[in-house]
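Dear colleague,

I am handing over the structure below, and my notes on it follow. Please read them alongside the coordinates and tell me where you disagree.

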Amino acid sequence: MQINVYSSAEEVAQKAAQWISSLAKSKIESKGSFTFAISGGRTPWEMLAKLAKENLPWEKIFLFQVDERIAPEGHSDRNLTQLFQVLQGTRLMTRLNIFPMHVISENLENACEEYSGHIEKNTGTGKLDLIHLGMGADGHTASLIPGDKVCKVENQMIALTDQPYQGRQRMTMTFPLINQAENILWLITGDEKKEMLVRMLDKDLEIPAGKISQDHAVLMTDLL
Ligand SMILES: O=C1O[C@H](COP(=O)(O)O)[C@@H](O)[C@H](O)[C@H]1O
């Protein structure tokens, strides 16, 4: 794990946007596209707003969701709603290839399979160029929630949580998919996450974040 400590959450967002932009340029130059998955929650949006100002060939970028709440279209609980709010009015809305998790489907199991299909088709291998992750103060990452059966899924790329978490069932990328990514970028800010960050870096298998591979991983944080 490469660890970069910055002085504020804003600096973390700025450095992350620059880092992603440079990785995207190099992948597009070498293979013609960049496949990128973004988490939800609170941390990614400032980074995404800064990334949107970069001069990139957006039509060659394929953006996936790491996880999503099972909630109606446009609901404020949805990560996609926040993502669209950030991108509204930018040229990315029409040029970027965005793949929403189909959480309003009547058959959510099928929707998980369909989403895996989109990832396989656009990566060729199932390995995304970059997965961005955040971590909750309880050590969860993506919607891999402590104690939920979804943490044990080994034969699916995308799965549903067994239990609602913070009021909603979730759809999420699973450990096998996340751990085979070419690159993982952790953005972890906020004092309440200090204790779990230390456990994550110690590869504590009792918390979901501790089970994510630290090879090819970069951490940007205002903690430590
Ligand atoms: O529930 C979630 O929380 C984690 C952490 O969010 P953060 O705002 O504290 O960074 C997030 O990575 C995940 O995508 C989200 O659904």
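Residues are numbered from 1 along each chain as its sequence is written. This is a predicted model, in which local features need pLDDT of at least 70 and side-chain atom pairs count only at pLDDT 80 or more, while totals for chains, interfaces and linings use all residues.

As for confidence, pLDDT (the predictor's confidence in each residue, from 0 to 100) averages 97 over the protein, with 100% of the residues at 70 or above, and the model scores ipTM 0.97 and pTM 0.97.

Seven helices and 10 strands were assigned in the protein, these being DSSP runs (H or I, at least four residues, for helices; E, at least two, for strands) numbered from the N terminus. Of the 224 residues, 39% are buried, that is, have 20 or more other C-beta atoms, placed from the backbone, within 10 Å of their own. The C-alpha atoms fill a box of roughly 45 × 40 × 35 Å, taken along the principal axes.

Finally, Ser39, Gly41, Arg42, Thr43 and Gly134 come nearest to the ligand among the 14 residues around it, where a residue counts as near if its C-beta atom, placed from the backbone, lies within 6 Å.

Definitions and conventions. A residue is buried if 20 or more other C-beta atoms lie within 10 Å of its own, exposed if 12 or fewer, and partly exposed in between; C-beta atoms are placed from the backbone.
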